[in-house]
Amino acid sequence: MDIISRHELIRTQNGHTLVLYVDKQSSEFAEDFFSKLDSKRKDLQKDSLSYIKDFVNKNYQGIKIDTINIMLGSLLVASIAYSPLAAHSDTVQPPKKVQLKTNPSYIVKPGDTLWNIAKKSGTTVDRLKHLNNLISDIIYPGQKLKTHINMVIPQNPTSPSAAGSLILANKSHSLPKDYVPKNLIAPKVPTVKKSKTMMTPEAAAALEALFAKAKEDNIKLTAISGYRSYERQRAIFSSNTSKYGSAAAANQFSARAGESEHQTGLAMDVSSPSVNFRLTQSYAETREGKWLKENAPRYGFIIRYPKGKEHITGYQFEPWHIRYVGKSASLEIAHNNITLEEYLGKL
């Protein structure tokens, strides 16, 4: 059993804090590790630090981590300054215009419950319990609860120049009719039709790395559809409206022109021979679909329209639709089971 029972990445203003939750009884290493902490050594022994470095390299390679907090339950037992990955930070530059998400905590008042606090804060009871390491629903007046994770977000996620890989395109945030990403290229990956799989250079490079790992793991992925122009999306939506009887029906799964992720040049529909290259929700149950969900965040991609988040994204579950957001954002979104809208604070 691994000594790390779970882990959480929290964005700070200058990097990230990695929180490691350790099971003291999980291994002989754990006993040795905690004996060193109990002895109040100023620095962890070489083997303990080596274990942490290996863990970070395996799970957060390329992410700038400046602090590692080690938790035993709700008890902070060590806080380690950590900077070996600073030279390998994410290749995607952060947006120039940023603001810090505010009001990340709540002071419990008499009569409060986790349910009404979650409702006020726009979150869920499960997430409140996770953020605050609560093992029951019991809370006390005066108790300070985290309600959100502090994060730096683009001031204007609909502006391509400001948001970069975090540009937002959805039913509330449309892209300009004349917006075309710069330097679109076709990633060198298996595809049905190369001309339909154009992406931005950074997204294409990340997709190539993702597909290379899939091949290594004997997983067959095929790129189906990448960049689509405003006009192309308008034609697709018009066709779907005719096919399904109304624009409202079509808009459950098909985006209107300007509201499509594909216009960003950062999205790709992915399928496999096992489902005859179809885009189907059953893909989530295939070996390839499960592999994609697990591994996409390690290469900067998220499942853009996850199951259970339809009320936020505005679209049905699409296990085939991945979106490049950069490795820092993808890992944070995946670990916290949130959507791009929630990450950007644009619900």
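**Helix α6 against helix α9, and three further residues**

Modeller: The axes of helix α6 (residues 201-216) and helix α9 (residues 287-295) come within 11 Å and cross at roughly 130°. This is a predicted model, in which local features need pLDDT of at least 70, side-chain atom pairs count only at pLDDT 80 or more, and totals for chains, interfaces and linings use all residues. Residues are numbered from 1 along each chain as its sequence is written, and side-chain values use heavy atoms, with hydrogens and water left out.

Colleague: Why are α6 and α9 called oblique to each other?

Modeller: Angles under 35 degrees count as roughly parallel, over 145 as roughly antiparallel, 65 to 115 as roughly perpendicular and the rest as oblique. The axes cross at roughly 130°. α6 and α9 are therefore oblique.

Colleague: Which residues make the contact?

Modeller: From α6, L210, K213 and A214; from α9, W291, L292 and N295. Contact means heavy atoms within 4.5 Å. The residues divide into four nonpolar, one polar and one charged.

Colleague: What makes N295 buried?

Modeller: Buried means under 20% relative accessible area, exposed over 50%, partly exposed in between (1.4 Å probe, protein chains only). N295 has 5%, so it is buried. N295 is found in helix α9.

Colleague: Which backbone oxygen does the side chain of N295 reach?

Modeller: That of W291, at 2.9 Å. A polar contact is a pair of N or O atoms within 3.5 Å; within protein, one must be able to donate a hydrogen and the other to accept it, and residues adjacent in sequence count only if both atoms are side-chain atoms.

Colleague: What is the phi of N183?

Modeller: Positive, about 55°, although N183 is not a glycine. Most residues other than glycine have a negative phi. N183 lies in the loop between α5 (160-163) and α6.

Colleague: Why does N183 count as exposed?

Modeller: Its relative accessibility is 60%, so N183 counts as exposed. N218 has a positive phi too, about 60°, and is not a glycine. N218 lies in the loop between α6 and β9 (222-225). At 56% relative accessibility, N218 counts as exposed.

Colleague: How do you know that K327 is partly exposed?

Modeller: K327 has a relative accessible area of 22%, so it is partly exposed. K327 is in helix α11 (residues 327-335).

Key
Axes fitted to C-alpha atoms, helices over the stretch in contact; angles between N-to-C directions. Helix = DSSP H or I, 4+ residues; strand = E, 2+ residues; numbered from the N terminus. Nonpolar A, V, L, I, M, F, W, Y, C, P; charged D, E, K, R; others polar.
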